[in-house]
Amino acid sequence: MANAALDPHAAIATTASGVGSGLLTTEDGKPLARALVRSQRRARKRAFLLVLPLLAFILVTFVVPIGQMLTRSFHNDGFSANMPQVSAWFAETERGTPPDEAAWTALATDLVASADARSIGVVGTRINYDMPGTRSLFTSTGRQVRGGMEPPYQANLLEINEDWGDPRLWSVMREASTPLTANFYLASMDRTRDETGAIQQVEEQQRIYATLFWRTFWLSAVITALTFILGFPIAHLLATLPMRKSNLLMILVLLPFWTSLLVRTTSWMVLLQQQGVVNDILVWLGVIGGGQRLQMIYNQTGTIIAMTHILLPFMILPLYSVMRTINPTYVRAARSLGATSWTAFRRVYFPQTLPGLGAGAMLVFILAVGYYITPALVGGSSGMLISNMIAQHMTGTLNWSMAAALAALLLGAVLVLYWVYDRLVGVDNLKLG
Amino acid sequence: MTRLLMLGTALGLVSGPALADVNLLSWGGAYGNSHLEAYAKPFTAETGIAVTMSDADNPATPIKAQVEAGNVSIDVASVEYADAVRLCDEGALEVIDPAILLPAEDGTAAMDDFIEGAVTECFVGTDVYSMVLAFNDEQFPDAKPASPADFFDIEGFPGKRTMRNGAKFNLELALMADGVPAAEVYEVLATPEGVDRAFAKLDTIKDEVIWWEAGAQPPQLLADGEVSMAYAFNGRIFNAAQADGQPFEIIWDGQIYEMEGWVIPAGAPNMEEALEFVAWSTAPAPQARAAEFISYGPPRRSAAAMVGNIEGTDQPMGPNLPTSEANMGAALASDLEFWVDRDAELNERFNSWLAS
C-alpha cells in the first residue's frame, strides 16, 4: 500500500478518477466535455475547409476521369444500346437457344435502324473485340440494308453473308447484349469464352498479357533492387560529407531531373548501341573483337539500364533525407561497446534507414510498373512492358475497354502489393523526407 | 430594326473573326509543317479565315475523346485512312458532301480527279504516303538490295534490319518476300495458313531485327550504322537523305501505300469554315504545293504534274513521291477493311511471337 502511495502515476490516476465522477465545467458553466468537442469540431471544420480546394481538384481532375475510364473495363453498351430488339430477345431466351424467326426479325430491324443512325460501326467494333474479323460483317451488311429490308429476314441476311448463321457469332452477341461484361478482364488474362460460354485459355500463339504482367513486375523488382544497391552508398556519402561538398554532389544527383526524359533515353541509345560509345571503347581496348559487339540496347538489358538510371534519384532522395537525421553517436556507441563495423552497420545503422528505404523502394517500384516511354524506345521486343500494350490499345486499336481492363488489373496488383507491404513493414514507417 | 441590324453588324465585326477560326489538328513535325505552309497560311491569306493549328501524336485519339465527351473543339483533323473508316462507322465524324470539292483546272469533276478510294463518306484524302525499304548505300558497296526478298536475305545482304513494331505492313512485306504477288497478299493473309506463312518468313530474320516505335528512329538507326536496311515511312527516309545528306536509297519495289486526309469531328464548332477549308485545301494546286514540302504524293491525278521542285532546292520532287508512275509498278495498296477487322487479333499474335 505504501508503494502505491509513492507511485506518482497511481496518485494522479486516483485524483483524476476521483474528479471525473463529478461534472467539470468551463468558466461560463458549460460542461467541459461538450465545450471540448465543440471547439475540436470547429478546428476540424477549418482544417477541412483548408484542404477542400485540393480535395475538389483531385476529385475533378483525377478520381472522376479515372473512375469513368475504368468503368469502361466492365461496362460497354456498344451492342446493347444500339441493338435493343435483339438484346431483348437474348434476355428472354436461354443460352444455347438457336435463333428463331423472332430473333432474325429483331436482328434485321436493329441492323437497319443502326445502319441508318450510323452506329453500326460501334456495334461491329464491340463484337469484333470478342470475335476478331466480324466488324466488317456488320459494317458491310449495314451498307446493304440501309433504308430497310424485306422478309424473309433469315434467308436475306444469310444471302448477304452466310457468317450470320455462325453459332459462335450468336453466342458472342448474346454476351454483348448486356452492357456489363467480364470479357475484357478475361482477355487481359489471356482467357476467352467458347460457344457454350465456358472460360478457356486463348490459343498459345495469341497469349501475351500474362507474360507481360509477369515481366513488368519482375523487371520493376530488379530495377528497384538495382537502384537500392547503387543509391544506398551515394545517399550515405551525401549524408555524411560536409555540407559544401554534399551540395555539389547533390546537384549531380538532381541533374538528370532537370534534363528531358527523352534526351536521357536517347543518350543511352548513343552510348549502348552496337556502333555506340561503349562498344567502340571495348573494341578499341581489345576486350571484344569487332565482330562480337555486345547487344546492350533494344532488349531487356537496355530497359533495365535506362530505367535504373532514370529512377535512381527517387531512391537516393528519401534515403538521403532519412540518413541525415540519423545521429552518428549511435554507431559510435555500438562500436565502443564492442560491435564490429559490420555488426554496427547491420544492427544499428541500417534499421534506422528502413523508413527511407521503404519509401524509396515504393516510389521506384510503382513508377517502374507504369513506365511507358523508356521501354518503348529502348526495350525492343524483350523489354516491352504491360504499359506499352495499354498505350497500344489507347492510341492504336482505340479499344479503350481493353486498355481500362489492363490498367485496372495493374492498379489492383499494385494495391495488393501495397497492402502486403503495409502488413510486412507498415506504411506508417514510410518517410519521404 | 435598323438599330438592331447595326448592332448585329457591329457585334459580328467584333466577334466574327474570333469565332470563325478553323481549329486544325495535325501531326506536327515536317508533315505538320507542310500543312501549315501549303494549306493554312495561303488559306488565311486568300479567305481571311484564320487557322489555329495544334498537334497530336495521333489526332484520332483526341477526336474520339472529344466526341464521346460531347465537347468538341476541333474543326478539321488530319487522320489516317483506317482511323477515318473506324470513326466514321462509329458516327464520330461529320459526313462530307463530295459536291463541295473543287473540280480540276481542266474542268474534270473532283470525283473523277481523285484516285480510287481517296474520298469516302467522312474523309477527303490529302496525301499518299508509303512504307518502303531503304538501305544505307555505304554498307553495300557492291551488289545493292533491290526487292523485299533481299531484305530477308541476311547472308547476301548482311547487317541488322529495322522494322515497325506491329503486325501491320510487316506481314504483307513477309508474304511479298516469300513470293506472293502484291495483288494476292491480302487474299493469302485472310487465311490462317497465310498468317502462319508470314510469321514463318519473319522468323527467318527475327534475331536480326530492331523494332522501331517512332518514325524518327529508322533514319537514325541507318545513319548510325546500327542497321543496314530499314522498313520505314518514305517521308522520313527522304528527309534524312535530302536535308541531312545521308546516303540512303529507297527501294520502291514492294512499297505499301496508304492515305491520310481531312475529317470533321461530329459537332465541330465551325462547320461552315471547316468545309470551306476542306474544299479549298484539297484543290489540285494546294495539294501539289504540299508535296513540295514533304515527299507524300497528292491523291489527285491532275495535281501530279503540278508538283514542282523540292522546297528550297532546284531538284524536282516528282520521282520521290510514292504516287510517281515509275514507283507504282510493284506497289501494294494497304487494305484497311482487313486491318480494321484484324488489327487487335494480329497484333496480339505479333506481340506473342515477339515475346516467345
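Predicted model: local features only at pLDDT ≥ 70, side-chain atom pairs only at ≥ 80, totals over all residues.
Which domains does the domain assignment of chain A give? The assignment gives domain 1 (24-71), domain 2 (84-181) and domain 3 (209-429). Taken over C-alpha atoms, the centres of domain 1 of chain A and domain 2 of chain A are separated by 53 Å.

The overall form of chain A comes next. Its secondary structure amounts to 20 helices and two strands. Chain A is more spread out than a compact globule, because its radius of gyration is 32 Å, well over the 22 Å that the globule rule gives for 433 residues. Along the principal axes, the C-alpha atoms of chain A fill a box of roughly 100 × 90 × 40 Å. Of the 433 residues in chain A, 33% are buried. Among the contacts in chain A with a separation of 6 or more, 69% are between residues 24 or more positions apart.

An unreviewed entry places the feature "domain: ABC transmembrane type-1" at residues 213-421 of chain A. In the model, that span is 80% helix and 0% strand, and its end C-alpha atoms are 19 Å apart. For "transmembrane region", UniProt (unreviewed entry) lists residues 47-67, 217-241, 248-271, 304-322, 356-378 and 398-421 of chain A. Two of these listed spans can be set against the model. Residues 217-241 of chain A are 96% helix and 0% strand, with 36 Å between the end C-alpha atoms. Residues 356-378 of chain A are 87% helix and 0% strand, and here the end C-alpha atoms lie 30 Å apart.

The largest nonpolar core has 170 residues, of which A:Leu406, B:Ala134 and B:Val263 touch the most other members. Helix α15 (residues 300-324) of chain A supplies the largest share of this core, 14 residues. Apart from this core lies another, of 26 residues, including A:Phe79, A:Val86, A:Trp89 and A:Ala115.

Around A:Leu406, leaving aside neighbours within four places in sequence, the contacts are A:Ser188, A:Tyr209, A:Ile386, A:Met389 and A:Ile390. Why is A:Ile390 classed as buried? It counts as buried because 21 other C-beta atoms lie within 10 Å, where the cut-off is 20 or more. With neighbours within four places in sequence again left aside, A:Ile390 is in contact with A:Ala403, A:Leu406 and A:Ala407. A:Ile390 and A:Ala403 are 13 residues apart along the chain, yet their C-alpha atoms are separated by 4.8 Å.

The last part of the picture is the contact between the two chains. Here 30 residues of chain B are in contact with 32 residues of chain A. On the side of chain B that touches chain A, the elements giving two or more residues are α3 (60-69), α4 (81-89), β6 (209-212) and α15 (336-355) of chain B. The largest share of that side, 15 residues, comes from α15(B). By residue class, the side of chain B that touches chain A divides into eight nonpolar, seven polar and 15 charged residues.

Terms used
Residues numbered from 1 in each chain as written. Chains lettered and ligands numbered in written order. Contact = placed C-beta atoms within 7 Å. Helix = DSSP H or I, 4+ residues; strand = E, 2+ residues; numbered from the N terminus. Nonpolar A, V, L, I, M, F, W, Y, C, P; charged D, E, K, R; others polar. Core = buried A, V, L, I, M, F, W, Y, C linked by C-beta atoms within 7 Å. Buried ≥ 20, exposed ≤ 12 C-beta atoms within 10 Å, placed from the backbone. UniProt positions renumbered as here; feature names shortened; annotations may be inferred. Domains from an automatic or database assignment. Rg over C-alpha atoms; globule rule 2.2 N^0.38 Å.
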